[in-house]
Structure formats: C-alpha cells, structure tokens
Amino acid sequence: MQIPLGRTTAHRTLGRVADFCPLCRGFQPFRVVQVESIRHLYAMPLGGRVDLGRSKVCESCNLLTPAASDVYRAISRDPDADLETLIAETNPEIRRNWASRLILEDRIRARKLTPGERTTLLREPYDMASEVLKRRSLEGRLDLPSNLGCLSTFLLPVACLLVLPRVWDASGDSIEMATVAVGAVCLAFTFLALVTDARRHARRAIVPKLVAALRPLDPSAEEVEQIHESLRESRSPLAEVVGPRDVTNALLERWD
C-alpha cells in the first residue's frame with residue numbers, strides 16, 4: 001500500500017507591492033508570497049518547512065511570477081492601499097526599472113513591431129494565461145456551482161431523511177426512494193459542474209484578461225487559430241477550455 005507521505009508547495013502571504021504585470025500590460029498591485037516546501041501526510045501539513053524563495057501574484061489576473069527581493073524598498077502590510085500608494089511605498093523606481101518594457105508597450109500601440117517581436121508578443125499572453133489556469137488546477141480551486149454541488153450532494157439527502165417524515169405522509173419506502181432520487185439529481189449536477197468548472201472559470205476570468213492583452217496587437221483569426229493549434233499540440237490545459245472562436249469573438253466585441 002502506498003502512503004501519501006511527501007512534500008507539497010505552499011504560499012505564505014508576506015504583504016503587497018506594486019510591479020508591472022505583462023498579462024495586464026501595466027502596473028498592478030501584487031501579493032508577495034513566501035514559497036515553502038512542507039511535509040504532508042494525506043494532505044495534512046506536518047511541518048518541516050523549507051524556503052524556496054519568493055513569488056508575486058498579480059491581484060488583477062492572478063499571474064504568479066518570481067519576485068526579486070532587491071527590487072522593492074518595502075513590503076506593504078496595508079490590504080487597502082491603492083496602486084499609487086503602493087508605488088510610492090514599495091517600488092518608487094518602478095517606471096525607471098520598467099522603462100524598456102514601457103517603450104515596447106508604446107511601440108505595440110503604435111503598431112511598430114518587427115515580425116519577430118509580434119510573433120513573440122502574440123504567444124506571450126497565452127503562455128501566461130496557461131500558467132494562471134494550471135496554478136488554479138494545482139491548488140484545487142472550484143467555483144460557486146461546483147462548491148454548491150458538492151455541498152448539496154451530502155446535505156440534501158440527509159435533509160430529506162430528516163424532514164420528509166415530518167411533512168409527508170408516506171411510507172418509509174417512498175421516502176427512501178425520494179431521498180435516493182434527490183441524491184441522484186445532486187450527484188448528476190455535481191458531476192456536470194465539476195466537469196465544466198475549468199471552462200466556466202476560463203470564460204469568466206481568463207478570456208477577458210487574455211483578450212485585453214491581445215487587443216493592442218490586433219491578431220487576425222488565422223494567427224489566433226495557429227496559436228491554438230500549437231497549444232493543442234503541446235497539450236496545454238488552456239487549449240482544452242478556451243477555443244480560438246472564444247478569443248476571436250471577444251476581440252470583435254466593442255468596448256462599452
């Protein structure tokens with residue numbers, strides 16, 4: 001028998017800073033986290049923490065990237081500080097440090113990219129969006145329908161067994177059959193919710209950020225299709241939940 005004893009990666013929040021997010025194409029607030037390796041048994045932490053370094057998580061798109069400790073003047077403990085406050089407190093040299101990238105962003109908006117730069121920059125948002133989706137999957141996060149489905153699968157049958165005998169004048173067999181039917185419906189709903197969870201999250205949270213990053217580059221439908229084909233060939237998790245039509249249709253929509 002295999003005992004699930006080993007090490008897992010955990011993130012411990014240290015505070016907030018301001019930095020540049022390439023997926024959002026601008027300065028954003030970030031959470032700074034300490035990355036640690038922890039011993040676990042059946043997903044229960046046993047201690048034995050080993051520091052693996054620091055990372056930062058964009059509060060807008062949830063992109064996780066390494067955090068250089070020598071960049072920030074301080075780490076803010078204020079959970080409500082706005083971007084300009086964070087820049088002044090944690091990263092006052094942000095515009096100078098990111099000057100070359102800001103120039104590149106200006107060239108993107110002015111449509112003055114070389115073919116090689118354009119190819120690289122078109123693929124960049126997809127790779128970052130894939131990392132965001134992969135991290136959510138590794139952390140086991142679920143959206144509201146999935147969580148409600150899991151909860152109702154356990155609670156509603158129990159509630160039926162407790163409540164139905166008091167409000168329904170029926171035989172014990174009928175109450176049991178009704179309880180089984182409710183449980184089966186809940187189970188079917190939960191299964192469907194879990195199967196479609198990643199796609200719902202991608203459409204709601206990832207596609208808008210991906211499209212916003214691609215929009216300044218104005219990709220053609222053929223370019224989008226080529227990128228998605230390469231994602232499918234590399235078995236990217238993003239290709240399983242986001243199709244090229246999702247992106248091209250969103251790119252065609254007018255901003256309000």
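A: It begins with the elements: the chain has ten helices and four strands. Helices (H or I, at least four residues) and strands (E, at least two) are DSSP runs, numbered from the N terminus. The order from the N terminus is β-β-β-β-α-α-α-α-α-α-α-α-α-α. This is a predicted model, in which local features need pLDDT of at least 70 and side-chain atom pairs count only at pLDDT 80 or more, while totals for chains, interfaces and linings use all residues. Residues are numbered from 1 along each chain as its sequence is written, and side-chain values use heavy atoms, with hydrogens and water left out.

Q: How is the packing of H7 and H10 described?

A: Two packed helices are described by the angle between their axes and the distance between the axes. Axes are lines fitted to C-alpha atoms, for helices over the stretch in contact, and angles run from 0 to 180 degrees between N-to-C directions. Here, helix H7 (residues 197–214) packs against helix H10 (residues 244–252) at about 55°, and their axes are 10 Å apart. The two helices are therefore oblique to each other; angles under 35 degrees count as roughly parallel, over 145 as roughly antiparallel, 65 to 115 as roughly perpendicular and the rest as oblique.

Q: Which residues of H7 and H10 meet?

A: Contact means heavy atoms within 4.5 Å. From H7, Arg-199, Arg-203, Val-207, Leu-210, Val-211 and Leu-214 meet Asp-246, Val-247, Ala-250 and Leu-251 of H10. By class, this contact has seven nonpolar, no polar and three charged residues (Ala, Val, Leu, Ile, Met, Phe, Trp, Tyr, Cys and Pro count as nonpolar, Asp, Glu, Lys and Arg as charged, and the others, Gly among them, as polar).

Q: Which residues of the largest nonpolar core touch the most other members?

A: A nonpolar core is a set of buried Ala, Val, Leu, Ile, Met, Phe, Trp, Tyr and Cys residues joined through side-chain atoms within 4.5 Å. Of the 39 residues in the largest one, Cys-21, Leu-63, Tyr-126, Leu-238 and Val-247 touch the most other members. Elements that each supply at least two residues of this core include strand E1 (5–21), helix H4 (115–139), H7 and H10.

Q: Is Ser-130 buried or exposed?

A: Buried means under 20% relative accessible area, exposed over 50%, partly exposed in between (1.4 Å probe, protein chains only). Ser-130, in helix H4, counts as buried at 7% relative accessibility. Beyond its neighbours within four places in sequence, Ser-130 contacts Ser-236, Pro-237 and Leu-238.
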